[in-house]
Amino acid sequence: MSGSFRARRPASPPLGLAHAHPPPPQQNHSQRFPQRREDHLDADERREMASLGFGPRGRARTIAPGGLSLTIGEWRLLLVVVVIAAGVRMFRLSRPNSVVFDEVHFGKFASKYIKTRYYVDVHPPLAKLLITLAAFVSGYDGNFDFKDIGKVYENVPYVAMRMVPATLGVAVIPLTYLTLRALECRATTALLGSLFITFENGLITQSRHILLDSPLIFFTALTTFLWVGFTNEDRHKPFTEQWWLWLTLTGLSLGAVVSCKWVGLFTIATVGFATLHQLWTLLGDLRVTPRLFMKHFMARALCLIVVPILFYMAMFEIHFLILENSGDGDGFMSSEFQHTLGGRGMQDTFADVAIGSTVTIRHVNTQGGYLHSHAHNFPTGSKQQQITLYPHRDANNNWLIINATSDNGDPSYDPEIGPLEYIRPFAQIKLQHLATDKRLHSHDFRPPVSDVDFQNEVSAYGAPGFAGDANDNWIVEIEGGDRRDRESWKRLRTLRTHFRLRHTLQGCYLFSHKIKLPEWGFEQQEVTCNKNAVKANSLWYIETNTHPKLDDNAQKVNYRLPGFLSKFLELQAVMWRTNAGLTDRHIFDSRPTSWPRLRRGINFWVKDHRQIYLVGNPVVWWLSTLAVLAYAGVRGLLILRAQRGFRDFNNSKVVKYDALCGFLFMGWALHYFPFYLMSRQLFLHHYFPALYFAILLSCACFDLLTSSFRPRVRFYIAAVLLVVAIWTFAHFSPLAYGSPWTKAQCEKAKWLKTWDFSW
């Protein structure tokens, strides 16, 4: 063996790998060393102990919390960077003094919180609650309507509201620095990453307005930092107070990120896969007993699953407590949910429905609108009186039930004379609209909107003193009842029985769907008679019921009000359906294929040759994309080399940077590729969480490529990159701040033809 041979140091474990307590020294006596000291470790054993986090003689080393060991100089440098970031993001925050892009929505939601009026949005409430808190503390009364982009603010503390995302945008910068340092990157690399984030035009633009993406990115960055800190603690020594603290804070941050937007689920997936990797490694470590493995598993399940769920649910509890009164979101919710809101309560109503009852009839499926008519006619078809589905209580929702198979069909019928006649299965009835004295009617005319052969028009037909005709007749088909009310299966019972109405002549079913009538129908929901009706859209129930022969001693019923869990689950389903329904094209939407290339931005605001246009810093953006492609290519090459017998993964440097870059690449991929599965509207800002991981990955690549350079050379390279990035930021800054610029400047800024901003 050559005298110059040097044993290779064992590879450092990647992030999240198992730790172990020091093994006892091996008793390996020999003739040359017959009485070896028990606490003596040879060179190989010392290297093994060091790789497991132990110092000389097996003593555990103490590490800084989360593996962060920053000098006083670094903290001072970080403070300077934060001051610069605050200046960049809060520069002229009051401009423009009018509504910008989606401030139309999120400012309006703040008004609804302050007015305590219920609304429905596709996003969870945390970020909106933070913005509302700033508005409330600043004295906002909720009276501004945020109706249109460009509407000038009046009596709105919009600067304070914009300060929330701006402040959280600033907070991302130190988190970037600390995360890279916790990932064992050099200080120069961490500085480069924090300044890349500082001067990224897209993140700047998004954080300067009343929008949700800045809080989302902040909690994404916070979760990443806390997880890396926990991984360092876990690698050193598990189940200490610091270990539990980092793990619990990671769980709380996971709850916060998904409470801003459901995109936070991708952050949960990132931490989830990293956790599975940790557990898989522990499972393969024979020094870890099954009991200890279960302890690790249960600790992670508690802090990374239960804690985020409880935090997420707590945000909705606050949401429900504030939005206690009826608002324009009522129509999205079930009738039971609606009656938990102030102003929507209902008096107890008679349970038994009979011939002669005056009732209101609600649709089961499409947010429970009321069967409705008003004194306006269809402009086409029969040109008879309109029948619609209307979401609010109104006198035009009242209908009188008349027996269609006896003399009771005569308009002179008096329900107070004769015995009480319940509505049983297959009873034939007429429904008379009390306000206009017309009857629910269908015939062989096509509806004005759903003009297809299997749909018939439904109208209100008749006149005072006219008994009507057979086209007014409907057969009651009971489809289901309440399991706690057996009679609701045998006859029509208020609130308890679901039924269908089949037309006696046409054989079609009274039907409604989410198609709305044009302005002549007041944009109310279309009601038709459908021969191929989907059962869910042809089910109805009676909400209120009065009858002259029922006295106060008769049985009454009311809605069973749901508890928090039922309301929470119902709202999640409504949010999911609403989000999936956002499929209409938008003038500035884009698809995921264009995001890494920065092919297109979003026009936020334009006025007097000034424009706010969301577009990233091309240098930072394209470097991050290049890093993603480079890692994917190099990792693929390493896999091929390993298959051919090369031992690249025996090199501790390769193992370290593969674990580091692999974690960041996984974060980018999990925040990017799921958007390919979505058919809803998508915009450039949906890429921002993935962009954050891509920027960190570009810095990790820089750290690797400059690892063999002298510190001064590394610093010079970083300085050149930063100068180019800052120049690019300044070049595009008029689009971030809405500053005046010339037509020539505008034309020079169009580096790509697909960037559709203009002077």
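This is a predicted model: local features need pLDDT of at least 70, side-chain atom pairs count only at pLDDT 80 or more; totals for chains, interfaces and linings use all residues.
View 1. A disulfide calls for sulfur atoms within 2.5 Å. Cys185 is in no disulfide, and its nearest cysteine sulfur is that of Cys699. Is Cys699 buried or exposed? Cys699 is buried, with a relative accessible area of 0%. Cys185 has 1% relative accessibility, so Cys185 counts as buried too.

**View 2. Helix α16 is mostly covered.** The helix runs over residues 688-705 and has 18 residues. Of these, 16 are buried. From the first C-alpha to the last, α16 reaches 25 Å. That is close to the 26 Å expected at 1.5 Å a residue. An α-helix has 3.6 residues a turn, so residues three or four places apart point the same way.

**View 3. Cys508 and Cys529 form a disulfide.** How far apart are the sulfur atoms of Cys508 and Cys529? They are 2.0 Å apart. The count for the model comes to 1 disulfide. A disulfide is a covalent bond between the sulfur atoms of two cysteines. The torsion about the S-S bond of Cys508 and Cys529 is about 100°, so this disulfide is right-handed. The pair links distant parts of the chain, 21 residues apart. Cys508 sits in the loop between β10 (498-503) and β11 (509-516). Cys529 belongs to strand β12 (residues 525-530). Both Cys508 and Cys529 are buried.

**View 4. Strand β4 pairs with β3, β8 and β12****.** Strand β4 covers residues 385-390. How many residues of β4 are buried? The count is 5 of its 6 residues, so the strand is mostly covered. Start with strand β3 (residues 370-377): 5 bridges join β3 to β4, and the two run antiparallel. Here Ser373 stands opposite Ile387 in β4. Next comes strand β8 (residues 455-461), which pairs with β4 in the antiparallel sense over 2 bridges. Gln385 stands opposite Ala460 in β8. Then turn to β12, the strand that holds Cys529. β4 and β12 are also antiparallel, with 2 bridges. Leu389 stands opposite Gln525 in β12. In a regular strand the side chains alternate between the two faces of the sheet.

**View 5. UniProt places a MIR domain feature at three stretches of the chain****.** The unreviewed entry gives residues 350-404, 420-479 and 489-545. How much of residues 420-479 is helix, and how much is strand? This span is 0% helix and 40% strand. Its end C-alpha atoms lie 23 Å apart. Residues 489-545 are 0% helix and 46% strand. The end C-alpha atoms of residues 489-545 are 18 Å apart.

**View 6. Phe426 and Asp608 have positive phi values****.** Neither residue is glycine. Phi of Phe426 is near 70°. Where is Phe426 found? Phe426 is in the loop between β5 (398-403) and β6 (428-433). Its relative accessibility is 57%, so Phe426 counts as exposed. Phi of Asp608 is near 50°. Asp608 lies in the loop between β15 (602-607) and β16 (610-614). Asp608 is exposed, with a relative accessible area of 57%.

**View 7. A cis peptide bond joins Arg95 and Pro96****.** Omega is about 0° at this bond. Which loop holds Pro96? Pro96 is found between α2 (72-90) and α3 (103-115).

**View 8. The protein is assigned two parts, domain 1 and domain 2****.** Domain 1 takes in residues 97-321 + 589-749, and domain 2 takes in 352-554. How far apart do the C-alpha centres of domain 1 and domain 2 lie? They are 53 Å apart. The protein has 18 helices and 16 strands. Its C-alpha trace spans about 120 × 70 × 55 Å along the principal axes. Of the 759 residues, 53% count as buried. Among contacts with a separation of 6 or more, 74% join residues 24 or more positions apart.

Notes. Residues are numbered from 1 along each chain as its sequence is written. Side-chain values use heavy atoms; hydrogens and water are left out. Helices (H or I, at least four residues) and strands (E, at least two) are DSSP runs, numbered from the N terminus. Buried means under 20% relative accessible area, exposed over 50%, partly exposed in between (1.4 Å probe, protein chains only). UniProt positions are given in the numbering used here, feature names are shortened, and annotations may be inferred rather than shown by experiment. Two strands pair if DSSP finds at least two bridges between them. The expected span of a helix is 1.5 Å times one less than its number of residues. Domain bounds come from an automatic or database domain assignment. Contact means heavy atoms within 4.5 Å.
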